[in-house]
Amino acid sequence: MTAASTWSACAALVRRDLILVWRRRGDALNPVLFALMVIALFPLALGPEPEVLRRIAAGVVFVALLIAGLLALDTLFRSDYEDGSLEQLVLSPHPLSLLLACKIGVHWLTTALPLIIVAPLLGELLHLPAEVRWVLVGALLLATPLLSLIGAVCVALTVGMHRSGMLLALLVLPLYVPILIFGAGACNAAALALPHAAPLLWLAAALVVALVVAPLACAAALRISLS
Amino acid sequence: MHASPDHERPPLLEARGLAFARNDEPVFGPLDFALHAGEVVLIEGDNGSGKTTLLRVLSGLLAPGEGEIRLQGEPLTLAAIAPQVALLSHANGLKPELTTLENLRFAAGLNGVRPGISPPTALAGVGLSGYEDVPTRRLSAGQKKRVALARVLLAPVALWLLDEPYANLDLDGINLVNRLLENHANRGGAALITSHGAYAYTSGRPRSIPLNPNAVLGGNSSSDASEPAASKSISAGAAPTSQQERVR
C-alpha cells in the first residue's frame, strides 16, 4: 500500500482548488466588481468634493472590501459540501486542519488578493492621500487573511444549513468589527500623520494567533456540521 | 493485509448493540455484527430504514448513539478508520468542472493509490476508457457512479463502505460492481454494501444485515460467518431478477 504523504495531499488539494477557480473564473471576478461598484457610487452620492472624499476614502475602501470578502465567503465550502467532496476530505488519512488551511489559503489568494491589488486604484477613485495608500495596502494584507480565517470557522459551522447567508453574516460581522476598527484606524492615523504602527501590530498579532487556531477550530466545526 | 478470511484475528469491523437515534427517534438498531477480511456483507432495508445512516456511523462521520464499534479490536475513531476506509455515498464526491481523470488524480493525491493501479487504469477498470478528458458534469448518472467506483477502487484501503453502489447502473454496471467486490474480497479486503433489495450481490457468499424495523434481528443473521449461505438472502421486497430485467 502506498499512502500519500501529507505534503502531496496538500499539493493535490491546492492544485485542484486552483483549477476549479480557473474553470469558474467568471465567478472569481465578482468580489472585485462588487467593490468597484460600491466605491464608484460613493462620489455620486456624496458629491465630488475632494476634501470630503479624501477623509472617508480609506474607511470606504476597507468596508467595501470587507463586505466583498463576506459575499465570497459562502463559496468556501458550499460546493464541496454539496457534492460530497468535504466528506472525502474528512475521511482522508491526513490532518483535516492542515487540508483546510490549504483551502483557506487558496480562497484568500483567489478572492482577497485581487481586491488588495486593486485597492490603491479604488483609493485613487476617492482621492486617497498618497501617504495613506501603502498603509492601506499593508493593513489589508494583514486584515484580509484574518477575515478569511475567522470567516472560515463561521462558514464551517453553518455549511450544513440551508439558506445560511444571513446567519453567517450575523455570526461573522461582530468578529469582523475589531479588524475593521484596527485596519481603518491605522489608515486614519496615517492620514493625520500620527503614528500608525500599533494598530497594524495588533492586526499582525491577531493574524498569528488565527493562523494557528482557526484551522483547528474550522476542522472541529466541519466535523460537527457533517454529523 | 491477509489473503483469506481469518477468524482468529479480531474482525476488521465489529458492532455490538449499535443503535442510532435522531431527536430521540430510533433510526436503526440495536445491531450486532462482525465483518472479517475477505467478506462482503449486504445491508438490506427499505427506503428510510437507516442504511445510509448506518454507513455514516460506521465510517466515523456520525457518532453512534448507543453500543460500540470496534475496528480490528480497537474502539473506532475517525482518525483510526480514515486511512482504512473508502466511502461511496449518494453525493459521489466528484467535481463537475473537473475531468474524470483530474478527479481521480486528486483522489490519488489525497488518499494514495493501491499498488498496481493508477488513475487511468482505474478508469479503464470501470469501463470508462476514452472518457479521461471529459468533464464529469457531462457524464450520465451511471457514468458518474462508475467514476466514483473507480475512486474507491484506487484507494489503498481494506474496508469499502458502499451506499447503494448499484443505483443508476445498467446490467453491465451491476456485474462490474459484483466483479469489483469479488476481487476486493479475494485480495483480503472487506465491504459493506447497502441495497434496498432490488439488486443483490450475487457471487461469493453474501451475508445480509436486515435493517427493516419489522425484520427479525437475530445474532444468526450476522455472526455465523462459518456457514456457507445460500447465493443470496433478501429481506426486503422485490425479486432481483425481475428488477434487473426491468433495468435492461
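These legends describe close-up views of a predicted model.

**View 1. The largest nonpolar core of the model.** This core has 135 residues. Some residues have the most contacts inside the core: A:Ala58, A:Val61, A:Leu65, A:Leu136, A:Ala139, A:Ala156 and A:Cys187. Helix α8 of chain A, residues 130-158, gives the core its largest share, 17 residues.

**View 2. The surroundings of A:Cys187.** A:Cys187 is among the core residues with the most contacts. Which residues does A:Cys187 contact, leaving aside neighbours within four places in sequence? They are A:Ala58, A:Val132, A:Val135, A:Leu136 and A:Ala139.

**View 3. Where chain B touches chain A.** The contact takes 26 residues from chain B and 26 residues from chain A. On the chain B side, two elements give two or more residues each: β6 (85-88) and α3 (100-111). The largest share of that side comes from α3(B), with five residues. By class, the chain B side has 15 nonpolar, seven polar and four charged residues. The model scores ipTM 0.87 and pTM 0.85.

**View 4. B:Val57 in its helix.** B:Val57 lies in helix α1 of chain B, residues 51-58. Is B:Val57 buried or exposed? B:Val57 counts as buried because 26 other C-beta atoms lie within 10 Å, and the cut-off for a buried residue is 20 or more. Not counting residues up to four places away in sequence, B:Val57 touches B:Phe20, B:Leu62 and B:Pro64. B:Val147 is 90 residues from B:Val57 in sequence. In space, the two are 24 Å apart, C-alpha to C-alpha.

**View 5. Strands β1, β4 and β5 of chain B.** Strand β1 (residues 13-22) pairs with strand β4 (residues 66-71) in the antiparallel sense, over five bridges. Here B:Leu13 stands opposite B:Leu71. Strand β4(B) also pairs with strand β5 (residues 74-75) of chain B, again antiparallel, over two bridges. In this pairing B:Leu71 stands opposite B:Glu74. The hairpin of β4(B) and β5(B) has two residues between the strands. In that hairpin, B:Gln72 takes a positive phi near 50°.

**View 6. Confidence along chain B.** The mean pLDDT of chain B is 79. Of its residues, 78% reach 70 or more. Over residues 1-6 of chain B, the pLDDT is below 50. Beyond near neighbours in sequence, this stretch has 11 contacts in the model. Residues 214-248 of chain B also stay under 50. For that stretch the model has 59 contacts beyond four places in sequence.

Notes
Residues are numbered from 1 along each chain as its sequence is written. Chains are lettered from A and ligands numbered from 1 in the order in which they are written. This is a predicted model: local features need pLDDT of at least 70, side-chain atom pairs count only at pLDDT 80 or more; totals for chains, interfaces and linings use all residues. A nonpolar core is a set of buried Ala, Val, Leu, Ile, Met, Phe, Trp, Tyr and Cys residues joined through C-beta atoms within 7 Å. A residue is buried if 20 or more other C-beta atoms lie within 10 Å of its own, exposed if 12 or fewer, and partly exposed in between; C-beta atoms are placed from the backbone. Helices (H or I, at least four residues) and strands (E, at least two) are DSSP runs, numbered from the N terminus. Two residues are in contact if their C-beta atoms, placed from the backbone, lie within 7 Å. Ala, Val, Leu, Ile, Met, Phe, Trp, Tyr, Cys and Pro count as nonpolar, Asp, Glu, Lys and Arg as charged, and the others, Gly among them, as polar. pLDDT is the predictor's confidence in each residue, from 0 to 100. Two strands pair if DSSP finds at least two bridges between them.
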